[in-house]
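Take a look at the structure below.

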Amino acid sequence: MKSYRYEIILGIFIVFLSLNATCQEKTNSVKVSELKVGKKRKKKRKKKVKLPKIDLSHWKVTLPVANKEGKPVEINPPEILDFANNEIAKPYMYIDSTKGAIVFHAMPTNSKTRNTKYTRSELREQMVPGENNVNWTFAQGAYMKGKLAMDATTRDAEGKYHRTIIMQIHGRLTNEQRDLIGEDDNNAPPILKIYWDKGKIRVKTKILKNLNASYEEMLHEKAWDNDEGFNFEQKVGFRKFTLEVKVTEGKMVIILNKNEFKVYENIHMRKWGIFENYFKAGNYFQSRDKGASSKVRFYELEVSH
């Protein structure tokens, strides 16, 4: 009888130990799985934050909003370095940290720069931060590379996407040239305009109307005309793409995604050598339609001379 009781007590004890071990195993399993989930969540959060590879220390930005004098707001270095915290800039130039890009947002407003009816959220190169009077010539050479994408754009009454200028090389008169022809500003024509146009990349440049024009005559904007333009074959749509612009004396090369090239090497490029120049990049929106707008993402932007 004693032996029988002993066997019962031993059996109960073994069952207790077994149940206790199972509970501990489940508890440990829950803790380990929770730990793994926690680690995965942390990793996912880290992956979501991306920053654009763009140094703004040699750029100023023009925004489609007016200041107290009615002129477009401009933010120069070093203030532009903190644009993400600038309340005026936030609606028009901001960081998309999920894509690692700066977004340039533009739409028709009353804030227009001189000699244009269109508005912009666009960067202007400054070789010396905060200074517009130091620029470069074709003889000195220049290079700009950008990785970008059209984020969004509206359509016109015919259902066609509104276009925007995403890169430029703008000409500039020196103070001496300005005074020589009696102008009241230093503005000269843009020798290069690169458009996002209905999902394709379109390039426009200038040609000299009279190849025998004198130095002084060539300084006038009316001496230059638009060429017929050029469309790259590849359709970029709303996908990410790369643009490069290379300038040397008498020559300008535009490269799309490292596999399509447009080369300008002619008398017009050589004649253009009289001007100083600077790069522009961003969103120079080409519509005044009510309710129209576009957003351009820049992931990378670099310039060298």
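Contact here means heavy atoms within 4.5 Å. By that rule, and leaving aside residues up to four places away in sequence, Ile254 touches Leu192, Ile194, Val203, Phe232, Leu243, Glu244, Val245, Glu260, Phe261, Lys262 and Tyr264. This is a predicted model, in which local features need pLDDT of at least 70 and side-chain atom pairs count only at pLDDT 80 or more, while totals for chains, interfaces and linings use all residues. Residues are numbered from 1 along each chain as its sequence is written, and side-chain values use heavy atoms, with hydrogens and water left out.

Ile254 is among the residues with the most contacts inside the largest nonpolar core, which has 58 residues. Such a core is a set of buried Ala, Val, Leu, Ile, Met, Phe, Trp, Tyr and Cys residues joined through side-chain atoms within 4.5 Å. Buried means under 20% relative accessible area, exposed over 50%, and partly exposed in between (1.4 Å probe, protein chains only).

The whole structure holds ten salt bridges, each a side-chain nitrogen of Lys or Arg within 4 Å of a carboxyl oxygen of Asp or Glu. One of them joins Glu74 and Lys60 at 3.0 Å, N to O. Glu74 lies in strand S3 and Lys60 in strand S2, so the pair ties together parts 14 residues apart in sequence. Strands are DSSP runs (E, at least two residues), numbered from the N terminus. Glu74 is partly exposed at 40% relative accessibility, whereas Lys60 is buried at 6%.

How values were computed. Helix = DSSP H or I, 4+ residues; strand = E, 2+ residues; numbered from the N terminus.
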